[in-house]
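Subject: Handover of a structure

Dear colleague,

Please find the structure below, together with its sequence.

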Amino acid sequence: MKNIVLLNGSSHPQLAKKISECLGVELSSCTLGKFSNQETNVEIKSSVREKHVYIIQSGCGRVNDNVIELFILIQACRMGSAKRITVVTPLFPYSRQSEKSQRKRLPQHQIGSEIMNSLTQHSGSSPSLPQGSFAQSFMGMSMGESGYRQWCARAGTLVANLLQAAGADHLIAMDLHDPQYQGFFQIPVDLIYAEPCIIQWIRSEIPNWRQAVVVSPDAGGAKRATSICNKLNLDFALIHKEDLANTKESMGLVGEVQGRPTIILDDMIDSGSTIGLASEILKRHGATEIYAIAVHGVFSGPALEIINRSPVTAVACTNTVPQEEFRNKCPKLKTIDIAPMLGEIIRRTFYGESVSQLFVHDEQA
Amino acid sequence: MSSNSIRILAGNSHPALAKLIAKRLGTDLANVTVSKYSNQETAVTIGESVRDEDVFIIQSGCGEINDHLMELLIMINACKTASARRITAVLPCFPYARQDKKDKSRAPISAKLVANMLTVAGADHVITMDLHASQIQGFFDRPVDNLYGEPSVLRYIRENIPDWKNAIIVSPDAGGAKRATSIADYLDLDFALIHKERKKANEVSRMVLVGDVKDKVAILVDDMADTCGTLGLAAKTLMENGASAVYAIVIHGVLSGKALDVINNSLLTRVVVTNTIPHAEKKKLCPKLDTIDVSAVLAEAIRRTHNGESVSYLFGHATI
């Protein structure tokens, strides 16, 4: 492949190397580091003039450093007269901050409801006051007497704009948390799905997959889970969380898993709490084995301990985020390799062939 | 109905300077929490309304620069979507200012990238101090105020250096000659220059002094002190040529890596930096370090920008 340049950022060099082996193209040499005052230092060693450049950078590890490094790499290629710059982000940075679900991450939300419950039990609050404002005025929270709610910054649009401002012409992203995110961009965005790789893994690694039930750990992921069930001809179940009142009964399972192996499907494992909770519920309802499959295995904080202690049989994640360290700490963790898929996408976009062909071939049962 | 007011938001890079500026302006810092989610992404929460207000975000390009830069961008963006009337980014030390030209093949112009990013995030105005090259102002389409630390430096020299009338201003390299001559003219002093001669590549360069420093107090003036290698060698050269004492005054004291050891072991009497970059911790390790407080200059610039008054008064006069 002539006139192609593959550059990798420092977030996930192993994946970039695998992709370059799949494509048969050498990674262009590029020194990445920091100046002594912590500013990022990027030097591209070979010419990029009139070439099609692919920059591979994942939004993991030290996210801000990797994001700035990505912008500087794009800028350097633009200044070096590259013909076209495509950014390949296996895990798109700040992808979960594009919509209102951020509110669920704030602890105030839960504190509010717990205090509300204790208030109604002890003091018999006057029924004329709406519950919400009673709790707020009692706590005198930073919500303030004016009733101003906290404004949580949502960095999703910002990152999209910055990528375009730095000079990217095309974006290839894998399994974005929020598919509508494509609309934030003026430049073409190719979304690729790890689904074919996941289906292949299920068929080869889960011994009795034909009796399995695919479970979505929350309502938002139902569509993702049903798509896989339909392709494999399996049954489906859903775990439903109630916001307020944290009683255990309300963590409902919709569907039957008694005596069956189960496969929990999610797009990301970050804190591990969703998977931990979901696996407890499935165990209680009589599942024989519990497999958890996620596209992005971020595993921040105590996630690996939670998984080690939970009734999960095995966890499989793709290598959009470097997985070696996690595998050393958690023997239940397996990796699904998506480097060949990314390599195929790069080859097809380079030659101008159709990418959608990759997503229609897996109809065998 | 009511006119808008100044809101000062501070990032995590230099909270002490932000507090000083707010105190000087007679307001409190706005209620903003800047932290990280567990996966290391930056989380910004603004705790009060900024609708239709004049917002000033104070963040310096120092320490963990990339983290601070992302914090700044996200704060600007948050204020923009919260309908602030005008957003000014106050950057006492502009990040990536030294990468302002393509000095070799495929080098990025990171200063231009930062300018683009600030504009895209939604900043309407930028206030900074002593840019490495004042042409960086041209990278922006928005108005930029480049303040000068020079008046504060002049006042420091007059008040704190004994026998300053018998001093000589020295520039540690050819690039800073203009800055040093300007100070020398104001104080009516002589001027000297140190020139680096490179015999071959990879050989320690020889420093040549151009000018006479015999029996005089030498004052080295530069815009930034990073690893301090240049300052240490310059001090040695000056003492060898007969200077009685060597002071160094720099605006941005980055002081990274082994800088403090170099200063402690060098022949410098004192190194003076402004507080554009926090260095309280470093002062404990290096007794030769002294501070010039520029919070007053920044606060005055903010007040004048808000009121629509002229800022050029600050270019020639040190604030009280």
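In the class counts used here, Ala, Val, Leu, Ile, Met, Phe, Trp, Tyr, Cys and Pro are taken as nonpolar, Asp, Glu, Lys and Arg as charged, and the others, Gly among them, as polar. Please note also that this is a predicted model.

I begin with the second largest pocket. By the classes above, its lining is made up of 14 nonpolar, 12 polar and nine charged residues. The space in this second largest pocket comes to about 910 Å³, and 35 residues line it. Nearest its centre lie His132(B), Gly176(B), Arg179(B), Asp222(B) and Asp223(B). Two or more lining residues each come from α4 (150–160), α5 (177–187), β11 (217–225), α6 (229–240) and β12 (245–253) of chain B. Of the elements, β11(B) provides the largest share of the lining, with five residues.

I turn next to the interface of the two chains. Here 50 residues of chain A are in contact with 49 residues of chain B. The area buried between chain A and chain B is about 4,200 Å², and carbon and sulfur atoms give 55% of it. Between these chains there are 13 residue pairs in polar contact, counting pairs with both residues at pLDDT 80 or more. On the side of chain A that touches chain B, at least two residues each are supplied by β3 (40–44), α2 (63–79), β6 (151–152) and α5 (156–166) of chain A. The most comes from α2(A), which gives 10 residues. This side of chain A has 23 nonpolar, 17 polar and 10 charged residues.

The salt bridges remain to be described. Side chains of opposite charge can pair when their charged atoms come close. Over all chains, 29 salt bridges are counted, and three are found across the interface of chain A and chain B. Arg62(A) forms a salt bridge with Glu64(B), with 3.0 Å between the closest N and O atoms. Arg62(A) also forms a salt bridge with Asp67(B), where the closest N and O atoms are 3.5 Å apart. This pair joins two chains, because Asp67(B) lies in helix α2 (residues 65–81) of chain B and Arg62(A) in the loop between β4 (52–56) and α2 of chain A.

With kind regards

How values were computed: Residues numbered from 1 in each chain as written. Chains lettered and ligands numbered in written order. Predicted model: local features only at pLDDT ≥ 70, side-chain atom pairs only at ≥ 80, totals over all residues. Heavy atoms only, no water. Contact = heavy atoms within 4.5 Å. Buried area = accessible area lost by both parts, 1.4 Å probe. Salt bridge = Lys/Arg side-chain N within 4 Å of Asp/Glu carboxyl O. Polar contact = N/O pair within 3.5 Å; in protein donor to acceptor, adjacent residues only side chain to side chain. Helix = DSSP H or I, 4+ residues; strand = E, 2+ residues; numbered from the N terminus. 1 Å grid on protein atoms, 1.4 Å probe; cavity = no way out; pocket = protein on both sides within 12 Å on 5 of 7 lines; lining within 4 Å. Points joined across faces, edges and corners; volume = space filled by probe spheres on them.
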